[in-house]
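Here are my notes on the model, as numbered points. Have the viewer open as you read.

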Amino acid sequence: MAEIPAFINYYEGELSQAKGEIIIRGNVEKSVSNLPGVTEHRFNQLQEIEAVLNFLNIQLRKIRRKHFQKYLEAYARALTSRDAEKYVDGEDEVIDFETIINEVALLRNKWLGIMKGLESKNYMIGHVVRLRTAGMEDIVIQ
């Protein structure tokens with residue numbers, strides 16, 4: 001858990017670099033040859049973020065269960081499951097953990113945007129290649 005802030009900072013920095021990789025410019029052949037490797041690398045990074053998010057959700061369920069059990073078994077008066085659930089939602093530990101999960105989910109969503117950008121780049125480069133095939137040999141994207 002202590003590594004989560006460093007994790008988020010690292011992937012925010014990588015996100016900045018990844019945004020530059022989406023831009024189409026220069027030699028088409030070079031862009032086409034680099035695209036599969038870039039896509040694979042960035043997709044793997046997205047999967048790492050997804051794994052951390054899944055881990056955090058598992059930990060949240062564990063924390064919620066602990067507090068839920070406390071309210072159902074050790075509380076001064078009998079509570080319904082719904083009441084205990086509402087109390088659990090107000091626990092500081094649960095709220096803090098949900099905030100962390102929200103930050104990582106936002107990071108994941110930004111990376112999903114990068115993947116969409118890479119898909120779009122692949123689509124656009126494919127069309128440029130088709131233009132070259134049709135006889136427009138000197139196409140360079142600025």
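1. His 67 counts as buried, at 8% relative accessibility (buried means under 20% relative accessible area, exposed over 50%, partly exposed in between, with a 1.4 Å probe and protein chains only). His 67 sits in helix 2, which covers residues 28–73. Helices here are DSSP runs of H or I with at least four residues, numbered from the N terminus. Beyond its neighbours within four places in sequence, His 67 is in contact with Val 88, Glu 91, Glu 93 and Val 94, where contact means heavy atoms within 4.5 Å.

2. Before going on, the ground rules: this is a predicted model, where local features need pLDDT of at least 70, side-chain atom pairs count only at pLDDT 80 or more, and totals for chains, interfaces and linings use all residues. Residues are numbered from 1 along each chain as its sequence is written, and side-chain values use heavy atoms, with hydrogens and water left out.

3. Leu 60 is another helix 2 residue, and Leu 60 is buried with a relative accessible area of 10%. Not counting residues up to four places away in sequence, Leu 60 touches Val 94, Phe 97, Glu 98 and Ile 101.

4. How do helix 2 and helix 4 cross? Their axes come within 9 Å and cross at roughly 160°, with helix 4 running over residues 92–133. The axes are lines fitted to C-alpha atoms over the stretch in contact, and angles run from 0 to 180 degrees between N-to-C directions. Helix 2 and helix 4 are therefore roughly antiparallel (over 145 degrees; under 35 is roughly parallel, 65 to 115 roughly perpendicular and the rest oblique). The crossing is left-handed, that is, the near helix is turned anticlockwise from the far one by less than a right angle. By class, the contact of helix 2 with helix 4 has 25 nonpolar, seven polar and 10 charged residues.

5. Helix 1 passes helix 2 in a left-handed crossing. Among the residues making the contact are Phe 7, Tyr 10 and Tyr 11 of helix 1, and Arg 42, Gln 45 and Ile 49 of helix 2. The contact of helix 1 with helix 2 divides into nine nonpolar, three polar and four charged residues.

6. Gln 45 deserves a look: this helix 2 residue counts as buried at 4% relative accessibility. Its contacts, leaving aside neighbours within four places in sequence, are Tyr 10, Tyr 11, Glu 14 and Trp 111. Trp 111 in turn is in contact with residues including Leu 15, Ala 18, Arg 42 and Leu 46.

7. The largest nonpolar core has 28 residues, and Phe 7, Ile 49, Leu 56, Val 104 and Trp 111 have the most contacts inside it. Such a core is a set of buried Ala, Val, Leu, Ile, Met, Phe, Trp, Tyr and Cys residues joined through side-chain atoms within 4.5 Å. Helix 4 gives the most to this core, with 10 residues.

8. Last one: Asn 54, in helix 2, is partly exposed at 44% relative accessible area.

How values were computed
Helix = DSSP H or I, 4+ residues; strand = E, 2+ residues; numbered from the N terminus. Nonpolar A, V, L, I, M, F, W, Y, C, P; charged D, E, K, R; others polar.
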